[in-house]
Amino acid sequence: MNISIFGLGYVGCVSLGCLAKNGHQVIGVDVSPFKVELINKGIATILEKDIDVIIKDGHEKDKISATMCADEAVWNTEISIICVGTPSSPHGHLNLSYIYNTAEQIGAALKTKDEFHTIVIRSTVLPGTNQKYGEIVEACSGKKRGIDFTVISNPEFLREGSAVKDYYHPSVTVIGGDHEEALEKVASIYACIDAPIEVTDIKIAEVIKYVNNSYHALKIAFANEVGNVCKALEIDSHKVMELFCKDTRLNISTAYFKPGFAYGGSCLPKDLKGFVTLGHDNYVNTPVLGCIDASNENQKKNAFELVAKTGKRKVCFIGLSFKEGTDDLRYSPSVDLAETLIGKGYHVTIYDKNVHLSKLIGANKAFINERLPHLSELIIEDLETAIKDNDVIVINHRNFDAPSYSHLLKDKHAVIDLVRVNHLESLPNYEGLCW
């Protein structure tokens, strides 16, 4: 394939070399005459393991060239990959001027090109950039997206120091777009790479890099705070984290990575608070660990606001315990939500097939007697009646049998899903907590 690369910095140079190595004819484009000259001499524009050899080899095989002329690059290629920088402002906003400059350049070049052209945004950009990019190309070219060109989002996950290795061994290749043939063409570029290709929505492809790197930053900060507390206690933090990482069922896994309602139960709130207090007592500041509880409380607030904005006062809870399949009410976020609603004058009905007042004992009974002393007046045994008699249905257990009750739910004022239950999202009155 004939491919042009806009931007010969880190991502652009690696993409240029690796695509050429894979057999493609590649033209690099940059506003810097120095970078263009380096590529045309077979010299890499960056210092990175193996890329110097790859660029040299690609140049010697006439697979690589570079130019400052965008028209030349677009006219002679079928795909243009955008790899220009998107630097941050001091306030965290991205400078997308380089991105949009390439849109103007490509748009101008497409004025006189009859063939369909595929544009691939490889740079890290904010959600919505793909759409605006296409609008700029349309305005500058007089052509129509989907007919004369399209814009695909294909984020890169390259790390400095291992970029070539990362290019050939990614965990996943993400491609987002709205043109089937172009998506297939871009996917074919990665056919030789042993990694899954995920074709997804454009905005998902645009945001995933931010999610990845934010989590990586969180992992580093978490490990550092654990280390600081352990050091104060004269504990070997590296051995602690080595042991932590051996749990691949919960710790290093997909467990808990589903947006939903707040956490609760007898362990997480207590142990988190205990560890933060341990740091505090040893004069160790733990801002990341310390803000987890505040974030959890904010999720409860978000759930209350979803109920409040319905304008209705009769609310039915489906699920009260902190997790389905248990009657444990201790620190259940649903108990907190019910308590808040009752305190603000809402009429609350609760259905939970596992919660029976006669069977509650010990700390569980003491907790609910303190938080919801009139629980016996709120609980109802018949779910169908509970749904029929209320305007707002709040679902907090994933095991809710949605197909059996959808016919009742569709007539309610609002169905608020805190855990994302299947078969509910098609309801006209449905709203998820954070999806």
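Which residue just after H11 takes a positive phi? In this predicted model, the residue is tyrosine 283, whose phi is about 60°.

**View 1. Helix H11 and the residue that follows it.** Helix H11 covers residues 268–281, and from the first C-alpha of H11 to the last the reach is 20 Å, close to the 20 Å expected for its 14 residues at 1.5 Å a residue. Just after H11 comes tyrosine 283, with its positive phi of about 60°.

**View 2. The second largest pocket, lined in part by H11.** This pocket has a volume of about 340 Å³. Its lining is made up of 16 residues, and those closest to the centre of the pocket are Pro269, Lys270, Lys273, Asp293 and Tyr331. Two elements give two or more residues to this lining, namely helix H11 (268–281) and helix H12 (287–308). Sorted by class, the lining of the second largest pocket holds seven charged residues, six nonpolar ones and three polar ones.

**View 3. The largest cavity, between the residues that line it.** A search of the whole structure finds four cavities of 30 Å³ or more, and the largest cavity has a volume of about 100 Å³. Among the 14 residues that line the largest cavity, Arg122, Tyr167, Pro170, Val172 and Thr173 are the closest to its centre. Helix H7 (163–168) and strand S7 (173–176) are the elements that give two or more residues to this lining. The lining of the largest cavity divides into nine nonpolar, two polar and three charged residues.

**View 4. Helix H6 and its buried face.** The end C-alpha atoms of H6 are 18 Å apart, which agrees with the 18 Å that its 13 residues should span at 1.5 Å a residue. The buried residues of H6 are Thr129, Asn130, Tyr133, Gly134, Ile136, Val137 and Ser141. Seen down the axis of H6, these buried residues fall within an arc of 160°, so they line one face of the helix.

**View 5. Two glycines in loops.** Glycine 142 lies in the loop between helix H6 (129–141) and strand S6 (149–153), and with a relative accessibility of 61% this glycine counts as exposed. Between glycine 142 and isoleucine 204 there are 28 Å in space, C-alpha to C-alpha, and the two are 62 residues apart in sequence. Glycine 42, by contrast, is buried, with a relative accessible area of 7%, and its place is in the loop between helix H2 (33–40) and helix H3 (51–60). The C-alpha atoms of glycine 42 and tyrosine 351 are separated by 71 Å, and these two residues are 309 residues apart along the chain.

**View 6. Cysteines without a disulfide partner.** A disulfide is a covalent bond between the sulfur atoms of two cysteines, and the structure holds zero disulfides. The reasoning needs one cut-off, since a disulfide is counted where two cysteine sulfur atoms are within 2.5 Å. For cysteine 140, the closest cysteine sulfur belongs to cysteine 69 and is 16 Å away, too far for a bond. For cysteine 291, the closest cysteine sulfur is that of cysteine 434, at 17 Å, which is also too far for a bond. Cysteine 140 counts as partly exposed at 24% relative accessibility, and cysteine 291 is partly exposed too, with a relative accessible area of 43%.

Technical notes. Residues are numbered from 1 along each chain as its sequence is written. This is a predicted model: local features need pLDDT of at least 70, side-chain atom pairs count only at pLDDT 80 or more; totals for chains, interfaces and linings use all residues. Side-chain values use heavy atoms; hydrogens and water are left out. Buried means under 20% relative accessible area, exposed over 50%, partly exposed in between (1.4 Å probe, protein chains only). On a 1 Å grid over the protein atoms alone, a cavity is a set of points where a 1.4 Å probe fits but cannot get out, and a pocket is an open set with protein on both sides within 12 Å along at least five of seven lines; lining residues have an atom within 4 Å of a point. Grid points are joined across faces, edges and corners, and a volume is the space filled by probe spheres set on the points. Helices (H or I, at least four residues) and strands (E, at least two) are DSSP runs, numbered from the N terminus. Ala, Val, Leu, Ile, Met, Phe, Trp, Tyr, Cys and Pro count as nonpolar, Asp, Glu, Lys and Arg as charged, and the others, Gly among them, as polar. The expected span of a helix is 1.5 Å times one less than its number of residues. The arc is that of the directions from the helix axis to the C-beta atoms.
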